[in-house]
Amino acid sequence: SWDYLGARLPESLLGVAAKPVKEGYDVCLIDQRVDDNWEENLNTSLKQDPLLVCITSMTGPQISYALKITAMVKEKNKKTPIVWGGLHPTMQPHQTLKEKDIDLIVIGEGDETLIELIKALEKKAELSEKNKELMNVHGIMFKDAQGKMVMTEPRVMESGCMDGLPDLPYHLLNIKKYYGADYRNKPSITLVTSKGCPFRCNFCIDPAVFKQKWRWYSATRVLDKMEYIMKAYGIKDFYFQDDNFATNLKRVREIAEGIISRFEDVAWGTLGIRADTLCKIDEELLALMEKSGCKNIDVGLESGSQKILDLMQKDEIVEDYIKANRKMAKYNILMKYTFVIGYPTETEEDLQKTKKLALQLMNENKNAYCIFFTFCPYFGTKVWDLAIRHGFKPPETLEGWANFDFDGWYVVIED
């Protein structure tokens, strides 16, 4: 299947490493998912007495691996500061920092934070002493000399163009080990062209992390990134891994036109375009997207029940879904529609409406297919408290979240 999930490129880690690399720091990036010799490589790096070791983790099983690596580092280099970042530490910093071997937390994006943290630690690497330098680094949390947790001022990321950020240090990874999307059985890669989303869906982590702000690379920068990857790695198939790729339709048009004018034989798809946006896109732009090599569009529909959509604060109507799908049926673009089942207050009637809608979409568009996910609340989302009121019992420890089964737990549906 083209949608088979292989190991996708850890662009967020490359983004965090970009400034330190640009400023001349020696950075070693180890991806445990694809590196069979990760333990040996980690030990080799630890022998060089690194200034710090950074570990990223999402909520779920990744935490158990991160805890194992944390213990390994402290066993060999007790004084080396260990920094955790990523989704789980960002949303639950206090719970994460309770772990005895974790010294600091980066909250939110680390593109700007890490380089400032590195320079602060260079001035005084001993975290056992009160470090005033750390207080000047926004967006972190650390333990002071008495073991008390200290949170610095939040790092505010405003909406705007990201062209000022340095190029990603792809050389830190073996690009051949990664995958974007299998459109035509050729090498592929993910590419983030924007971050965040201006919408307010209450189940989504985006509003909590990005505060409904959207940041983007210009079309020219996106095209330059694509050209570099083509020349350096021979990859011409791209999966734009944006939460809302089409926030600015003028930029979408410029990207599509640029692909046509600058490249040949490119294939691409995107993680996020809303159905109501597809309704607004004119036929000329859709034809342009298809001509430029667009092979797939992922659309989060979530439910076929207007009641549930309103509860989710999707700010869309079911009729938009039907209209968008009929519109897209005219194009040779694969449409992946995703749904969430088990939402708090969802009834059997709501589920049947979702089932009916999914079948209708596939019947009316030969290129459409539907995937269903089990609802799981994330700490920091607006739906968190509602989920708890309806029976969700969140783990109370970092280890508990490490063992949490996102697919195996369920919500009992009440009439």
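How many aromatic pairs does the structure hold? The structure holds 15 aromatic pairs, where rings of Phe, Tyr and Trp (its six-membered ring) pair if their centres lie within 6.5 Å. This is a predicted model, in which local features need pLDDT of at least 70 and side-chain atom pairs count only at pLDDT 80 or more, while totals for chains, interfaces and linings use all residues. Residues are numbered from 1 along each chain as its sequence is written, and side-chain values use heavy atoms, with hydrogens and water left out.

**Rings and charges**

Let us start with one of the pairs. Helices here are DSSP runs (H or I, at least four residues), numbered from the N terminus. Both phenylalanine 392 and phenylalanine 404 are buried, that is, under 20% relative accessible area with a 1.4 Å probe and protein chains only. They also belong to one aromatic cluster with Phe379, Trp384 and Trp401.

Two rings have a charge over the face, as the table shows. The criterion is NZ of Lys or CZ of Arg within 6 Å of the ring centre and within 35 degrees of the ring normal.

| Charged residue | Ring | Distance from ring centre |
|---|---|---|
| Lysine 225 | Tyrosine 217 | 4.4 Å |
| Arginine 274 | Phenylalanine 199 | 3.7 Å |

On a 1 Å grid over the protein atoms alone, a cavity is a set of points where a 1.4 Å probe fits but cannot get out, and a pocket is an open set with protein on both sides within 12 Å along at least five of seven lines; lining residues have an atom within 4 Å of a point. Grid points are joined across faces, edges and corners, and a volume is the space filled by probe spheres set on the points.

The whole structure has 2 cavities of 30 Å³ or more, and the largest cavity holds about 50 Å³ of space. By class, the lining has 6 nonpolar, 3 polar and no charged residues; Ala, Val, Leu, Ile, Met, Phe, Trp, Tyr, Cys and Pro count as nonpolar, Asp, Glu, Lys and Arg as charged, and the others, Gly among them, as polar.

The second largest pocket has about 480 Å³ of space. It is lined by 20 residues, and Ile107, Pro154, Arg155, Val209 and Lys211 are the closest to its centre. Helix H4 (87–91) and helix H8 (206–210) are the elements that give two or more residues to this lining, with H8 giving the most, 3 residues. The pocket lining divides into 11 nonpolar, 4 polar and 5 charged residues.

**Cysteines**

The structure has 0 disulfides, a disulfide being a pair of cysteine sulfur atoms within 2.5 Å. The sulfur of cysteine 279 is too far for a bond, because the closest cysteine sulfur, in cysteine 201, is 15 Å away. Cysteine 370 is in no disulfide either, with the nearest cysteine sulfur, that of cysteine 279, 16 Å away. Cysteine 279 is buried at 15% relative accessibility, and cysteine 370 is buried at 14%.

How values were computed:
Rings of Phe, Tyr and Trp (its six-membered ring) pair if their centres lie within 6.5 Å; planes under 30 degrees apart count as stacked, over 60 as edge-to-face and the rest as tilted. Buried means under 20% relative accessible area, exposed over 50%, partly exposed in between (1.4 Å probe, protein chains only).
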